[in-house]
Amino acid sequence: MTAEASESIDVAPAAKKRFQLPTDWRSQLGMGVALLIGAVIMLAPFLWMVATSLSRKANVSLPRTPSFWPPDPSFFNYFIATANLPIFKLYVNSLVVVGLTTFGYLFFSSIAGYAFAKGRFPGKSALFILFLATLFIPFETRMIPLYLFMGKLDLTNTYWALILPFLAGGFGTFLMRQTISTIPDELIEAARIDGASEFRIFIQIVLPLCKPTLATLAILNVIWRWNDVLWPLLVTTDRNLFTVTQGLAMAGRSQGVYTGVALATTVMAILPVILAYLFLQRYVIRSVVSSGVKG
Amino acid sequence: MTLAPGSRTYPAGPGARPSLRAAFRGSWVWYSFLLPPLLLILTFVGYPTYLAFEQSFFTETPTGDVFAGTYHFQRLLGSGLFWGALGNTVLLGVAFLVIVIPLATIFASMLNRIRKGSTPLKVIYFLPQLTSSVAIAIMFNYIFQPDWGLLNGSLRAVGIEQVPLWLADPRLSFGGSRAAVTILAVWSGLGYFIIVTLAGLQSIPTDLYDAAAIDGATPLESWFYITLPSLRPTFIFLIMTGTIDALSRFADLWTLGGPGGSPARSLQSVVMFMFQQGFENSDFSLAAAAAVVFFVIVLAVTGIAFWGFLRREFLAIR
């Protein structure tokens with residue numbers, strides 16, 4: 001006993017030097033455990049969904065104690081889900097709609113932002129206020145008249161109905177104006193002296209300098225448009241024009257009793273977004289923080 | 001159009017033109033840049049907004065619109081359904097913010113102080129924010145299933161046998177449908193609130209904490225007396241955007257309860273009310289009146305928050 005005790009006294013200082021714990025290791029450990037529990041709570045629904053979607057029996061009955069591993073792993077539900085819902089067609093629709101709205105939104109936001117940042121013309125501030133005023137009109141206020149208006153234009157059940165209302169907006173214009181304002185006037189003046197047109201200056205000088213803001217705007221717009229369901233529900237009733245989110249919403253309400261199939265549909269609908277997010281997470285989180293706008 | 005942007009490529013040709021005209025012509029370039037987005041905004045934002053206001057004062061008849069004065073607003077404000085939907089929306093919004101803001105502050109503070117692993121944790125917490133509300137609602141529809149759902153199963157696993165009915169129970173209780181959708185909202189919104197709060201935390205100058213430490217403040221004391229007051233602008237921002245988001249809540253509640261917000265309309269929000277009246281019942285004037293009231297509420301929230309924010313924050317700087 002005494003030998004052991006004296007030995008440990010001798011060893012202790014050396015060991016302490018080799019494995020130095022932070023002085024606040026207790027609070028670090030406590031916070032780490034709390035944060036891990038939080039992360040488990042955030043991930044558990046996703047994992048449970050994937051496990052359940054892989055179980056054929058889940059359509060009939062589920063164990064009373066939740067399981068994170070399917071008792072009978074198979075892709076049966078996924079085959080049924082793809083047979084029920086033309087999911088690949090929906091992907092194409094979403095890609096077309098999200099792609100075109102994002103491209104248009106970036107273009108119109110930046111060209112208007114350029115005019116407001118660097119242009120000199122009568123009525124500039126009045127027009128800018130008009131653009132900004134759209135920020136204070138919630139979409140929900142105008143959705144029903146807009147839906148009726150689309151009907152009058154004979155555009156319901158077309159891609160146009162999903163694209164046109166979202167091509168230009170106050171938020172993007174404001175963000176681009178702020179960014180373009182920081183570009184030195186000398187740069188633009190030099191190009192003007194060289195005889196470049198304003199449009200060429202915009203394309204060749206202004207846009208390349210705005211890449212980070214354009215990326216932010218693109219990420220936000222993709223999240224908004226991909227996840228939007230309210231507007232597609234109003235203007236598209238044709239199954240062939242459904243976006244992924246709308247198709248999922250309709251399927252979720254009709255195939256609700258078949259748990260496995262419904263969850264398989266959900267997994268297929270969100271998987272591409274989640275994969276894209278995992279690759280781009282740094283930019284996505286930065287975009288949301290820097291713009292102060294929710295994804 | 002001769003005002004095509006390319007025309008600027010050939011500036012003031014031989015024979016100088018009057019400077020006023022040159023300036024005027026210079027303006028046209030900018031007008032031509034603004035024209036397409038302006039037309040889009042006027043057509044798809046301005047005009048329908050005007051229509052919403054107009055429609056709320058008129059009644060549609062086969063022979064044309066008839067002026068109805070405030071009739072539709074009286075109908076709206078006398079409608080129990082509308083007040084029910086507005087009440088739900090406000091209740092769900094308040095419950096969400098009251099839970100999510102303290103929770104996000106605690107989590108963000110911990111993420112800010114932890115030495116390792118904060119990036120993967122942020123990515124995980126933010127994950128639901130990227131997932132569509134529709135997908136989350138479908139997922140939670142099964143998680144809240146009383147017999148075999150993930151939540152009740154987990155409650156039973158820790159020994160709670162009296163499990164709530166969640167979405168099947170329309171009553172106003174801690175185990176009812178409104179509680180369930182609040183859990184859903186907190187789970188899916190927490191990541192965004194954490195990330196924004198974290199950005200607020202990181203903008204607090206560290207010398208404040210150094211000074212407090214020299215004065216002998218404990219970490220908890222500096223959290224209470226430095227961190228929380230410094231986060232005030234962040235909280236105002238989160239409450240403002242959170243309130244507006246809560247007012248326009250639609251997709252998840254619609255997926256769970258349909259346009260009527262079942263069970264027993266306990267999940268119907270204002271936007272769902274507008275959707276149901278306008279789209280399903282074709283009562284466009286009532287939907288328009290609701291849209292106008294909704295617009296006024298959102299504007300008031302923005303105004304109050306903005307005014308309060310300006311008054312304290314900007315006077316402090318001056």
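## Residue classes and model

Ala, Val, Leu, Ile, Met, Phe, Trp, Tyr, Cys and Pro count as nonpolar, Asp, Glu, Lys and Arg as charged, and the others, Gly among them, as polar. The structure is a predicted model.

## The largest cavity

Rolling a probe the size of a water molecule over the atoms shows where empty space is left.

The largest share of the lining, 3 residues, is supplied by α4(A). Divided by class, the lining of the largest cavity comprises 7 nonpolar, 2 polar and 2 charged residues.

Two or more lining residues come from each of α11, α13 (244–254) and α14 (259–291) of chain A.

The lining of the second largest cavity has 7 nonpolar and 4 polar residues, with no charged residue.

## Aromatic contacts

A pair of aromatic rings is described by the distance of the centres and the angle of the planes. Over all chains, the structure has 39 aromatic pairs. One of them is the tilted pair of A:Phe46 and B:Trp187, with 5.5 Å centre to centre and 45 degrees between the planes. This pair joins two chains, because A:Phe46 belongs to helix α2 (residues 25–53) of chain A and B:Trp187 to helix α7 (residues 177–202) of chain B. A:Phe46 is buried at 7% relative accessibility, and B:Trp187 is buried at 6%.

In chain B, the ring centres of B:Phe140 and B:Phe144 are 5.5 Å apart and the planes stand at 50 degrees, so this pair is tilted. Both B:Phe140 and B:Phe144 are buried. Ring pairs also connect A:Phe107, A:Phe108, A:Tyr114, A:Phe199, A:Phe202, B:Trp30 and B:Phe33 into a cluster.

## Charges over rings

Two arginines of chain A are described here. The charged end of A:Arg56 sits over the ring of A:Phe76, at 3.8 Å from the ring centre. The charged end of A:Arg282 sits over the ring of A:Tyr283, at 5.5 Å from the ring centre.

## Backbone exceptions

Most residues other than glycine have a negative phi, and most peptide bonds are trans. The bond between B:Ser262 and B:Pro263 is a cis peptide bond, with omega about 10 degrees. B:Pro263 is placed in the loop between α11 (251–257) and α12 (270–280) of chain B.

A:Asp154, which is not a glycine, has a positive phi of about 60 degrees. This residue is in the loop between α6 (139–152) and α7 (159–163) of chain A; with a relative accessible area of 64%, A:Asp154 is exposed, because the cut-off is over 50%. B:Ser282 likewise has a positive phi, near 55 degrees, and is in the loop between α12 and α13 (284–317) of chain B. At 45% relative accessibility, B:Ser282 is partly exposed.

Note on methods
Residues are numbered from 1 along each chain as its sequence is written. Chains are lettered from A and ligands numbered from 1 in the order in which they are written. This is a predicted model: local features need pLDDT of at least 70, side-chain atom pairs count only at pLDDT 80 or more; totals for chains, interfaces and linings use all residues. Side-chain values use heavy atoms; hydrogens and water are left out. Helices (H or I, at least four residues) and strands (E, at least two) are DSSP runs, numbered from the N terminus. Rings of Phe, Tyr and Trp (its six-membered ring) pair if their centres lie within 6.5 Å; planes under 30 degrees apart count as stacked, over 60 as edge-to-face and the rest as tilted. Buried means under 20% relative accessible area, exposed over 50%, partly exposed in between (1.4 Å probe, protein chains only). A charge sits over a ring if NZ of Lys or CZ of Arg is within 6 Å of the ring centre and within 35 degrees of the ring normal.
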